[in-house]
Amino acid sequence: MQFRHPTADFFVPDNAAPDEALMRTTHLCIAAHQDDIEIMAYHGIAECFGIPDRWFTGVVVTNGAGSPRSGIYADYTDAQMQKVRLVEQRKAAYVGEYSCQIQLAFSSGEVKDPKDPAVVADLTRILVATKPEYVYLHNLADKHDTHVSVTLRALKALRSLPRKDRPRRVYGCEVWRDLDWMMDDDKQMLPASARSNIAASLVGIFDSQVTGGKRYDLATAGRRLANATYYAPHGTDEESALNFAMDLTPLVADPSLDIGAYVLSFVDRFRSDVEKRVRAWAG
Ligand SMILES: [Zn+2]
């Protein structure tokens, strides 16, 4: 498969033919950076792990340039750092038994430029070849501009597919902002309790990021535990780890829906819940 950048990377952990690795995909995650997939879409990875007819494929859109570096990576050039991050992402794909791992190597600037058609073109090519049933994207209330931009490009690609080829469900997932604030009825529940050993390995493998002074491994596990614990005030926890997602399926099913109005409707319901509670008990 040809992509915009010659430096794009296509890795199949079990050495299946590339076409087969694409075609067998049932769960697809499109994320901005190396390690985002493992933070946000562990649910999809675990759904497919060791199941013969389910396959998870990861897509990382950017090239990992400009990431912070310290310790043994302190003197690495941007090019060396991109290589480190590419290899770390391959390691995660191997441990998580992904069908394939695609790294498209776009700059953040390219991703954030709404007039640049190349990101949407590459994503459309991947979607046509994989026809996934479940798609994991960044949520639209994320605070990282590149994350939001990647989701907007992915939505554009998804909306361009023939109706019969669109996924059954599209999740907007947690990285730079969790979704605890959403109304419980609006939350898509993504259980993440299975194989906590694999879950821990998948985030821990990104040594260049954790060494950079950010304990994404601990924070990701902590978020999932907090979500599971604080989800319901009564009763015991059915899950020991939980991610929440924003349902983005309606935006793909109906391309005429306004994306901004759609995400703000979640915020509006949260706002009126806070208002109602405070007014009810203020006396
Ligand atoms: Zn990211």
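In these legends, a residue is called buried when its relative accessible area is under 20%, exposed when it is over 50%, and partly exposed in between, with a 1.4 Å probe and protein chains only. The model is predicted, so local features need pLDDT of at least 70 and side-chain atom pairs count only at pLDDT 80 or more, whereas totals for chains, interfaces and linings use all residues. Residues are numbered from 1 along each chain as its sequence is written, and side-chain values use heavy atoms, with hydrogens and water left out.

**View 1. A salt bridge joins Glu20 and Arg24.** A salt bridge is a side-chain nitrogen of Lys or Arg within 4 Å of a carboxyl oxygen of Asp or Glu, and the closest N and O atoms of Glu20 and Arg24 are 3.9 Å apart. Arg24 counts as buried because its relative accessibility is 15%, whereas Glu20, at 42%, is partly exposed. A search of the whole structure finds 14 salt bridges.

**View 2. Arg277 and Asp273 form a salt bridge.** Their closest N and O atoms lie 2.9 Å apart. The two residues are separated by about one helical turn, because they are four residues apart in helix H12; helices are DSSP runs (H or I, at least four residues), numbered from the N terminus. Asp273 is buried, with a relative accessible area of 14%, while Arg277 is partly exposed at 48%. Elsewhere, salt bridges that share partners join Asp14, Glu20 and Arg24 into one network.

**View 3. The largest pocket holds about 450 Å³ of space.** On a 1 Å grid over the protein atoms alone, a pocket is an open set of points where a 1.4 Å probe fits, with protein on both sides within 12 Å along at least five of seven lines, and lining residues have an atom within 4 Å of a point. The lining has 24 residues, and those nearest the centre of the pocket are Asp35, Asp36, Trp176, Gln209 and Tyr216. Helix H10 gives the most to this lining, with four residues.

**View 4. The second largest pocket has a volume of about 240 Å³.** Of the 14 residues in its lining, Asp180, Met182, Asp184, Lys187 and Asp273 are the closest to its centre. Helix H12 supplies the largest share of this lining, four residues.

Note on methods. Points joined across faces, edges and corners; volume = space filled by probe spheres on them.
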